[in-house]
Amino acid sequence: MADDEVVRRCHAGIQRAREGHIDDAEMDRFVVDVTAMDPDDPQRAGLAATMVHGMTVTGTTLSPTVLGRLSDLLPLAGENPPFMGDWPKARTVGRFLGAMAASTSNSLAKQAAGARELEALRHELRDAPEMLQVLEMATSMLEMLVGMRSEHGADRGQAIERFKVSLASLRHVPGVEEMVALLSNMSAITSGSLDDPGFLDKLDELEERSRHLPPQYSNLTEAIREWRQGVTQLMAAYGTDVGAEHPMTVPVAPGPSGDVVPRLLASAALMRGGQETDLGKIDTAIQQCREAIERGEDDEAYAFALTSLAVCLLRRAEVAGDNSGLDEAEKALDRAVAVMGDPGHPHWQFTHDVLSDLQRRRGKIAKSGEVGMAAQRGFAWQALLSHDAADVRTALEEAAEGAIDVARKYAMATDLANVVRALDTCRGLLLFAQMGIRDIPGQLAAIGRQDLAERWTAEGNRSTMLRREALAALAASGSAAGLMLDPPSFAEIRAALREVDADALVYLVPAGELRPGMAVIAPASCNPAFMALPALTVDSKEVDGYLTALSGRSSEIRSTSSAPTRETAPVSGSAFADRVNSLCDWAWRAAIGPLMESYFARNEAGAEGKVPRIVLVPMGDLARVPWQAARRGDGTYAVQLASFSHAVSARLFCENAAKSPVALSSTGLVVGDPDTEGAAASLPAARAEAHAIRRTFYRPARYVGRRLDGKPSHSGRGTAAQVRAWLTDPSSFAGTMLHLACHGVFDDKDKNVRAELLLAPNEPGVADSGALAADEIIALMSDAPQRRIGLVVMAACHTNRSIHGYDEAYSLGTAFLAGGVRSVLSTQWAVPDSATSSLMFLFHYFLRERGMRPREALREAQMWMLDPNRLHPECMPEELRAQSADERNAQVLSWAGFVHYGQ
């Protein structure tokens, strides 16, 4: 039996809980006393249940820390404690209050546990609508607290707005109206950044509004006051550039962290963005960080405090000119990594970047690169966790910079295989995320987390908390390697190159400040290689002029030629042809010339009649350059010397190569100049092209769109719905080839880039504009995993232009590739209608009549366009022969806009 003094102390604690006066220390002592009792002692369950009952009577006037101990007491009380007739009700309320306490914690682990408990209660209380309303509010508050940690303003703002809507439904609860008003201020602040105009005024207004909250919200009022004080101090140290210059992730919202965040803000202010030289101030900043750390790892700011301490210690070592403190800094960073657990933590990248710099300072270059690779994984998690692609796009631009830095570290250590892997960490993250997110329910079920899989399906994965919990479960199980977007090994790349009969994967990396450009070569049959390319810079006048002119391509064609172009939204005119010609000469000097005349000339010697087969991964704006049109001084184009294909990344290249080939048959779908009902001009040459290709090479295929006489095909008008249906049709008679001769739209005038195929709208009365966007293509393909498509040809404008930045390589063309299509042809600019019809017919001729791979068929068709003595195939219709006689077909604009991806 329990000691009488212990029992007496426990009853005193219960009484204080009923009065709402029990503090954290008393509650801790109570839990320790009851836990230490003999499990068979009936007083143990009775005391635990009585305390739970007392706490539920008192309700939320107790502190979140005290209420958080409910999760410890409920198991001790058991299912049927003695002398507690209304225990089921008390237990339910206790579970709810415990989950609410977890939701106000700053610990992701506790919040995840709270979310699970709320979900279980939702199921048990499905017949109690008044409780379900409260549960919905609690769940949305959890979502808000998790969303507030996001580095993306849109995610933070959306999380607050969802909580506001939920909270507003509880108008009868005291303080709700004041809280809703406060959240409006909070949303305005946290969806921006510290360098927004008027930030301090918004902060003052927030603090003033918090003073009008009821007394039970006093903790929040105090947290906002301390947060405002710390941010004001920080901004006073930095001025208005704090958001741009501060190297740390400055906390942009208050939280239940006691005085931890104010201490970290004070430390940051003293350090002045890592520029402070006064050792006294640096030591004070170090002490502030140490005191923040002493508050314990239960606080979510703990990992940030550890990293901040390391930053201060590193700066002290720099100023003092010695290595004192580096051991402490490394231990702090290692501890921070252990506490964070996985790359979904908001400070993952920051901490690893600091640790990488520390390792480099110690001369451990290879180790520095390894840590840098781990940092890059955080960008993949950002792509998977965020709902706002535009915000993630900005963050992923940092991923490219980080990848190049890591790659250069490995290059310094002459570890070229890892240079390749490092460069790949920034490639196509959003593209992969869109596909990977759709595979998550199956992966969760496979590891025994059917509960999460069902929630994911039911809730539509809109919950940041659910995404976070699901990804953490997959990462912990070790089954999420593919989902985490880790780059393939050099051995995997070599195997993929051999599978598709290519010689090398070549990364083209633009020059940066004080850093030359470079080519990193992963060959199929020997060791990786590295080549410095000093002229490979997007700041050159040739590249800058070309990129400026690219957006005006459509206007120029419309104003200077009677032939229509296959695009619909001109922006501004420019001398595009002259810019491209200048670019071709630069492309040879900057990259292709050195590669062909040095590396490939040396490594392909003795292979008589064989041209190098190169898979290019151009980084950044280099992806917009038509490398196959690089021109040697004697007028020879690169396409005449080598075979070129493109890849989003080594990962997608390897995944595509590993897929079993899909044989092309004479069936498929051909779309020819569908009637857009005034949205865009008709395309007579596209119509003739599609009609000739189907009649000559794919006679059993279905033809939709307009016939040669302009009337709709009997098989269909070429609507977006018809293309959607074909993409998801698993039957064998649907065929494996899609040819689209239509309009492509690309509009990047605002934050939300528009990239679509423009097809015929559905019949009147049906809400379908006829547009088919990249996101929808991915959704369609992922929902039909059994569909096997061998080739998609987009003879439409801008289908290779990336929506989310060129390292993302997220285009209409790559959407098909990510969806499992084996080979894709897409375009880099607005292609001329007439010349494209000749090029496309020749492509299918070499593909079907000569049995070439798509990559080789495109190359042969492009060289045919360049040949002044070209002979027409006998099967080429007369109307296309006449078009191909135009001498302008040999111009770069007529043939170089098409690129190949895939097998």
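In this predicted model, helix 15, which covers residues 279-293, packs against helix 16, residues 301-320, at an angle of about 160 degrees, and the two axes lie 9 Å apart. Because angles over 145 degrees count as roughly antiparallel, helix 15 and helix 16 are described as roughly antiparallel to each other. The crossing in which helix 15 passes helix 16 is left-handed.

On the side of helix 15, the contact is made by Leu279, Ile282, Asp283, Ala285, Ile286, Cys289, Arg290, Ala292 and Ile293. Helix 16 contributes Tyr302, Ala305, Leu306, Ser308, Leu309, Cys312, Leu313, Arg315, Arg316, Val319 and Ala320.

Turning to helix 16 by itself, its 20 residues reach 28 Å from the first C-alpha to the last, which is close to the 28 Å expected at 1.5 Å a residue. Of those 20 residues, 16 are buried, so helix 16 is largely enclosed by the rest of the structure. Just after helix 16 comes Gly321, which takes a positive phi of about 75 degrees.

The protein chain has 903 residues, and buried residues make up 59% of them. Among the contacts in the protein chain with a separation of 6 or more, 72% are between residues 24 or more positions apart.

Key: Residues numbered from 1 in each chain as written. Predicted model: local features only at pLDDT ≥ 70, side-chain atom pairs only at ≥ 80, totals over all residues. Heavy atoms only, no water. Axes fitted to C-alpha atoms, helices over the stretch in contact; angles between N-to-C directions. Helix = DSSP H or I, 4+ residues; strand = E, 2+ residues; numbered from the N terminus. Parallel < 35°, antiparallel > 145°, perpendicular 65-115°, else oblique. Left-handed = near helix turned anticlockwise from the far one by under 90°. Contact = heavy atoms within 4.5 Å. Expected span 1.5 Å × (residues − 1). Buried < 20%, exposed > 50% of the residue type's maximum accessible area, 1.4 Å probe, protein only.
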